[in-house]
Structure formats: structure tokens, C-alpha cells
Protein chains: 2
Amino acid sequence: MSSSDSDPAEVQLTPTGKVILGMLGLGISTGYDVKNFVDKTTRHFWAASYGQIYPELRRLEEQGLVSGRPEPTGGRARTVYNLTDAGRSALLRWLQSDAETVNEARDEGMLKLFFSDAGGPAERIENIRSMRARDERTLAQLRSLEPHAAAGPKGPYLTLQLGIALHEAAVNWCEAAERELEKEEKE
Amino acid sequence: MSSSDSDPAEVQLTPTGKVILGMLGLGISTGYDVKNFVDKTTRHFWAASYGQIYPELRRLEEQGLVSGRPEPTGGRARTVYNLTDAGRSALLRWLQSDAETVNEARDEGMLKLFFSDAGGPAERIENIRSMRARDERTLAQLRSLEPHAAAGPKGPYLTLQLGIALHEAAVNWCEAAERELEKEEKE
DNA sequence: AAATGCATGTAAGACGTTACATGATTTT
DNA sequence: AAAATCATGTAACGTCTTACATGCATTT
């Protein structure tokens, strides 16, 4: 065992490390592709940026969880990564662990709504309307992926379904709240 | 105008700055209370920690948006903060701005589900079950706040309603998916 | 007397985005 | 010829959590 390998049972995966290992497991093989795929598929519940991805790929390689080799396309540099055995088992250990999962939301629209008593009633309706517009955009984008996702692996398809359900619920709630508040304002 | 005041039109509020100004606007007046109130009310869509709150209160004071004065309870130190005029107008400017609002989610349960093709079907069901358990706990907690919130200001009440609707949608989706996957597994 | 709650605070480190730089290849 | 896409990378900065320390007051 080389000095760069760690006991995989001891490796504590970083958040971005988890996405990367998972993506490599799906056959995505460059930092660039990881970023694009994340943007297309997991963005609505999990984001990642180049500033995290590239350094993390190197850390994972130091830990012996992934291995990269140069595969230039013509004169264009390109590094293709694969899971090592240790990487695959670290991925499975994470997927199988029943540790409490993190679930955090940061919704500035809701925060503004929370404080909306500081303004007037018209402002509050505008606030909800803009949340709805935002969620409708996301919803449309998610729906556009559906036909393609239905043909692919089940995990990504399920999260797409859930994302759609959640955004539908948000849009529906906004519509109902707008109607309600408009009615109240007329009185 | 003292040298510590900034032109309020130029102040760029930090994320935590927004919560704090909003909370002071609701009459919450100490860092400690801000933290407790956030945990009780906005946590499901916006969190904050002491490590952010106390330093931010001092930055806001330097900027002239809040003013604090010592109001000890017996021998126990305590600083009560209030919005200044500049602070109140910065709060209103933020609430009224129609800039695109941030909406980010980070759901490790969904991420595991996304990658769940790496494991077996039983594992995937377990995954969804644990997401549901988690969401049911949050839902129960939100519902317990409802009677009290119904009597308070409308903004907090509306976000509570929305939070409940979203968590209900999540729980319902999980239930349906579990049934579906269990049926498939029997075949 | 101990435990819980009130109240403030900080240091260290983890995590993240943004903005920029570079250069090749492919498409328009 | 220009624009878009492929591909990698980093520096600076912003943000956040965790873990700890302190000490008084109130409740059990």
C-alpha cells in the first residue's frame, strides 16, 4: 500500500467529495463534466462549483479514492478520472450509512415573506408572485428533463420526480396565497 | 453624521445581516433571542448561528444600522439592540427590492437517492423511508407552531403554511414512492 | 447542589462562490 | 472571423459551523 492511501474506513468524505464519487460512479469522468451534469440534474437540491470540484478531485486522488490519467482531445488538456476500489467502497459506505442526512434550505423569498409585515399588503403579494415565477421557471426546466430521465437510471429519475412534486407544491401554494391575499385586499 | 455612518443606499447587507435587521424589526432585541427565534421559526428555510450573529451585530452597529445599549438583567450582561432610522430604511429597501432572490437547497437524502443505483433496491427503499422520517419530524414540529402562529403577524404565519405544504408534499411523495418500489420488488 | 436556561463571545477551520486567466477546438 | 464550447485551474473573498470558554440566574 503506498503512502498516499488511507484506510478507506477512516476517510471522512467532504460534501463535494460525495458528489464527485457518486458522479464518477455514474460514469462521468472529468471535472468539467461533473460540473455540467450537476448543473443539469442535482442543482435543485445540491450544487457544486469548479472552485470546489478541481481541488477536491486532487484531494480524492491523494487519498487514493480516485485515479486520474491525462486523455487529451487533440491538443486540449483533459484528465479522465475513475473510482479506485477504495473509492468505490467509500461511496458504498456513504450510501449505506444510516447517519442522519443533512437537509438545509436557504430561501430568500421566504425570508422576505417572513418579514413582510414591515411593508404593505400589495408588496407582500408581489413577493409571493415573484417566488412563484422563480419556482415556475425551475419547474419548467425540471419537466423538460423528464422524458430523457425516464429512460435512464432510476435514482436520478426519482429525484427528478420529487423535485417536480416539491416545486408543484410551492407553485400551488403561491397561487392559492395570492388569490387569498387579493381577496382580502379588496375588502 | 458621525464617521461610522454609511450612506444607507450603499450598504450591501450580508445574508445574516438581513435576518438580524428583520428580527429587530419584529421587536426581537438580543443576539440570544435572534438565535432562538430563528431556530423556532425560520430554521426550515433559513438558519443562523451565534458565530455569525454576534459579529454581525457589531458590524451593523459600525455601519449605523442598529444601535445597542447594555441592559443587564441583574448581574447578567445583556445588550439590547434596536434598528436605527438608517437600519429601518435598509431593511425596507431590501424587502422592496425586486432583485432575484436566492433559493438554495442541500439535501443529502436526495443526493443519496440520486446515486442509489449503485446499491440494491432494498437500500433505496430504506433511503426514502429515512427521508420521510426526517420530513415527518419537521412537519410535526411545524404543525405544533400553527395555533400560536395563527394569532401572530401574517408574514411568519404564511411562511409556516408554506413550510407545512412543502413538507407534506415531500412526505406524500415518499409514501407513494415507497409503495411503488415495494410493489416492484415483489415482482 | 445540580441542572437548566440566559447571555455573550471567539478561534479555527471547513466550505463555498465569484471572478478571472489560459488556451484549444468546434460551430456559426 | 467571431462566438461558443471544451477543459482546467486558482486567488480572493465571503460565509458558516463547531467547539469551546465564561459566568450569572433560575428552577429542580
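Let's start with the contact between the two chains. In this predicted model, 60 residues of chain A touch 60 residues of chain B. Together the two chains bury about 6,100 Å². Carbon and sulfur atoms account for 65% of that buried area.

Next, what does chain A bring to this contact? Several elements supply at least two residues each. They are helices α1 (15–25), α2 (31–41), α4 (85–96), α5 (108–114), α6 (121–150) and α7 (154–186), plus strand β3 (103–107). Which one gives the most? That is α7(A), with 15 residues.

Now the make-up of that side of chain A. Nonpolar residues number 31.

On to the polar side of the story. Between chain A and chain B, 29 residue pairs are in polar contact, both residues at pLDDT 80 or more. How many salt bridges run between chain A and chain B? The count is six. Over all chains, the count comes to 34.

Let me show you two of the bridges by name. Take A:K18 and B:E108 to begin with. Their closest N and O atoms are 3.0 Å apart. Since the cut-off for a salt bridge is 4 Å, this pair qualifies. Find A:K18 in helix α1 of chain A. Its partner, B:E108, sits in helix α5 of chain B, residues 108–114. So here the pair crosses from one chain to the other, helix to helix.

The other pair is B:R137 with A:E100. Here the side chains meet at 2.6 Å, N to O.

Strands join the chains as well. Look at β3(A) and strand β3 of chain B, residues 103–107. How do these two strands run, parallel or antiparallel? They run antiparallel, and five bridges join them.

Last, step back to chain A as a whole. Chain A is divided into two domains. Domain 1 covers 3–96, and domain 2 covers 108–186.

To recap the contact: 60 residues from each chain, six salt bridges, and a pair of antiparallel β3 strands joined by five bridges.

Key: Residues numbered from 1 in each chain as written. Chains lettered and ligands numbered in written order. Predicted model: local features only at pLDDT ≥ 70, side-chain atom pairs only at ≥ 80, totals over all residues. Heavy atoms only, no water. Domains from an automatic or database assignment. Contact = heavy atoms within 4.5 Å. Buried area = accessible area lost by both parts, 1.4 Å probe. Polar contact = N/O pair within 3.5 Å; in protein donor to acceptor, adjacent residues only side chain to side chain. Helix = DSSP H or I, 4+ residues; strand = E, 2+ residues; numbered from the N terminus. Nonpolar A, V, L, I, M, F, W, Y, C, P; charged D, E, K, R; others polar. Pairing = 2+ DSSP bridges.
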